[in-house]
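Here is a friendly briefing to read alongside the model. Open the structure, keep the sequence at hand, and take the topics in turn.

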Amino acid sequence: MSATTTRTDSGSMLGLTPLTGEALEAYIAAEPINPAGLPTSYEHGNRLQPEGTPVDPIVVEIVQGTLASVEMEVETAIARTSRSPMIRDAHDFRAGIHDRQLRKLTGRSYSALVHPIVRDFPLETMREGDVFFHNDVYESEGGIGHLPDLCVTVPVFHEGEVVCFVQAFGHHDDIGGARPGSMPSGATSVHEEGLSVPPIKLWDAGVPNKAALRIMTRNSRMPDSLAADLDAECSACLMGARRLSELFGRYGRTTVETAFDTILDNTTEIYRREILAKIPDGQYVWEDYAEHDGVAEPMLHTQRITLTKTATGGPGNGPRLIIDFTGTAAQAAGPINHCGDYVGGNFLKKWLAPILRNLADTPERMGELDVNEGIVPLIEMRFPEKGTLLTPIYPGPTNARTFVILRLLGVLAGVVAKAVDGRMPADQETIRYTGVYGKDRDGNDYLMREVLGGGSGGRYYSDGEDTIHVVPDSRNLPTEFTESRFPFLVERLGLAVDSGGAGRYRGGLGYEKHIRMLKDAHFMSIADRSILACWGVKGGKAGKPFQVTIDPGGPNERELEALVDTEPVMAGEVIRIRTTGGGGWGDPLDRPTDEVRRDLSWGKVSFEGARADYGVVASGDKDNPVIDEAATEALRAELRAARTGEEPFFDRGPGFAELDPEGRGAPVVDWL
């Protein structure tokens with residue numbers, strides 16, 4: 001029996017013929033079905049109830065509020081009962097709720113996909129209390145980016161049938177592999193990155209699969225944390241499933257499912273009317289780059305988007321966006337690849353769509369817009385052939401795939417900026433992993449790793465925000481926690497002065513963090529934007545790049561590459577980490593002097609930076625900066641007169657010319 005035939009025959013709730021008897025037993029006993037590379041053949045993405053089924057709009061609001069409440073309750077339960085610093089303290093995990101057509105219903109955050117679970121386990125075989133697990137990048141249908149992201153999925157039942165799913169996935173401390181933390185910077189194969197688990201049943205009708213748990217914890221350097229985190233996630237999702245089952249019991253299946261359809265229909269209509277309408281019909285091209293892959297010498301790893309906006313072709317023959325990734329660079333030897341070309345790019349559509357919210361009429365309205373499955377019908381994605389950064393071939397490594405999926409957020413922002421005369425934020429690079437590992441005071445192995453944010457880009461109406469973390473609700477690790485648990489002192493944690501790109505609206509600032517080691521250890525950094533910088537737009541300048549210095553000012557001072565995981569650090573040495581500043585928006589010489597004075601008094605811009613970047617002449621000190629208005633006006637006139645020729649629409653900073661084979665200051669796509 002073929003995978004396609006089996007999967008097509010599997011769903012009674014879709015009006016299809018269910019498997020029964022010997023056929024069902026054969027299905028369960030079969031070898032792994034529909035291996036990675038094939039699309040999910042389970043019918044998905046359709047409506048739950050016939051179009052036009054009536055539902056009280058008040059009930060729709062109640063259902064939508066309940067979904068958001070349950071999702072938040074699941075995340076709160078995980079945060080309060082997990083053990084690892086990445087989950088409990090840094091909050092690097094998400095929950096999501098999906099209907100039985102595998103559509104994401106909630107809009108608070110992104111989440112993984114249910115597709116690989118339903119692909120491999122027919123709904124008829126699921127029972128209450130089941131918990132499914134996977135982290136296999138190549139069998140996740142694009143929902144899992146690297147092996148430390150472990151995903152649990154729980155089906156929700158009503159009157160004996162599956163009606164929806166609760167899912168949680170998060171970045172865990174260690175799942176094996178060549179380096180502590182399961183993110184080896186020089187990996188050339190996914191087999192070096194840790195234990196890959198395809199979809200399995202981790203709990204069977206409420207009974208944990210102890211053998212599977214033992215295998216996973218045995219492969220981890222942090223077995224106790226891993227076991228505790230998985231227990232927290234499974235229990236929280238089971239709790240969420242009970243809450244949703246109560247919702248179905250209260251209103252009935254038809255009403256709740258019609259509310260689900262309505263919630264997604266509303267999102268589709270809002271984005272069609274308020275967002276896509278802002279993009280002129282036409283075709284626009286832009287690209288950006290990762291700078292290194294951990295294996296080859298630094299180079300420009302291109303990620304290109306050709307954006308086509310059409311007035312027809314979308315839902316109801318309304319507008320549609322086509323995002324074509326043709327021109328993206330070949331698959332990297334190192335671990336910066338991302339498996340995006342599954343299920344029509346379903347995961348990437350929901351990952352990238354928040355960028356489009358910047359086109360909302362006001363910032364307040366932008367904050368009201370959810371990103372759920374309702375945006376999926378509005379976007380078509382076109383991928384290049386297998387063997388690129390976005391279409392890697394197994395077993396290509398992926399642990400640093402943030403270099404691709406984070407960059408794609410900026411590529412989409414940039415290509416839309418070309419279409420709307422810059423009415424998009426400048427660039428940001430708000431996630432990188434840094435940390436240390438070694439032996440603690442008692443001689444036990446430890447791993448301290450955190451996700452440090454950076455500055456967001458300036459916008460057409462406001463400066464960028466400082467030290468933003470791209471994972472919703474995530475944060476740096478508290479100093480009190482790390483100093484009590486690990487053998488180092490945090491001597492400084494503040495803003496990196498002058499790191500934000502200059503502009504009429506300044507880019508947000510990154511972190512500056514100083515860590516003094518009390519015992520010998522090793523430092524790790526999984527970061528990009530150490531040569532290239534976060535670009536500025538429409539006259540705005542690029543922000544400062546990422547930088548790590550060991551023993552600054554000492555006898556062993558040295559600069560590190562941004563992608564390392566075995567750098568020795570001796571007791572007494574300081575690790576200085578400076579994260580990226582966001583790009584600036586608009587001409588910095590147009591920034592009002594009052595705003596520069598405020599930046600000086602806040603310590604965000606130095607007196608030297610005010611003069612060099614903004615043409616502002618100031619004296620005094622931080623507590624009482626004094627602007628010389630006449631001298632400032634003269635200096636700004638001099639700086640404007642010194643400009644020669646037409647400048648590109650985007651400013652990438654000096655790093656681009658360093659890596660460009662032709663030594664250009666900007667690629668052709670940077671001009672309008």
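This is a predicted model: local features need pLDDT of at least 70, side-chain atom pairs count only at pLDDT 80 or more; totals for chains, interfaces and linings use all residues.

Residues are numbered from 1 along each chain as its sequence is written, and side-chain values use heavy atoms, with hydrogens and water left out.

**The largest pocket**

- A pocket here is an open set of points on a 1 Å grid over the protein atoms alone, with protein on both sides within 12 Å along at least five of seven lines; a cavity is a set of points where a 1.4 Å probe fits but cannot get out, and lining residues have an atom within 4 Å of a point.
- The volume of the largest pocket is about 1,100 Å³, where a volume is the space filled by probe spheres set on the grid points, joined across faces, edges and corners.
- At least two lining residues each come from helix H3 (57-81), helix H9 (346-352), helix H10 (363-368) and helix H11 (402-419); helices (H or I, at least four residues) and strands (E, at least two) are DSSP runs, numbered from the N terminus.
- H11 gives the most to this lining, with four residues.
- The pocket lining has 20 nonpolar, 13 polar and nine charged residues, counting Ala, Val, Leu, Ile, Met, Phe, Trp, Tyr, Cys and Pro as nonpolar, Asp, Glu, Lys and Arg as charged, and the others, Gly among them, as polar.

**The cavities**

- There are five cavities of 30 Å³ or more.
- The largest cavity holds about 210 Å³ of space.
- It is lined by 23 residues, with Asp92, Tyr110, Asp149, Phe169 and Arg401 closest to its centre.
- Strand E1 (93-99), strand E4 (161-171), H9 and H11 each supply at least two residues of the largest cavity's lining.
- By class, the lining of the largest cavity has twelve nonpolar, seven polar and four charged residues.

**Helices**

- The axes of H3 and helix H8 (residues 253-275) come within 9 Å and cross at roughly 80 degrees; axes are lines fitted to C-alpha atoms, for helices over the stretch in contact, and angles run from 0 to 180 degrees between N-to-C directions.
- H3 and H8 are therefore roughly perpendicular to each other, a label for angles of 65 to 115 degrees.
- Val59, Val60, Val63, Gln64 and Leu67 in H3 meet Thr255, Ala259, Phe260, Thr262 and Ile263 in H8, where contact means heavy atoms within 4.5 Å.
- Helix H7 (residues 223-251) is followed by Gly252, whose phi is positive, near 90 degrees.

**Backbone points to check**

- Most residues other than glycine have a negative phi, and most peptide bonds are trans.
- Tyr394 and Pro395 are joined by a cis peptide bond, with omega about 5 degrees, and Pro395 is in the loop between strand E10 (379-382) and H11.
- Thr467 has a positive phi, near 45 degrees, and is found in the loop between strand E12 (445-451) and helix H12 (479-485).

Note on methods: Angles under 35 degrees count as roughly parallel, over 145 as roughly antiparallel, 65 to 115 as roughly perpendicular and the rest as oblique.
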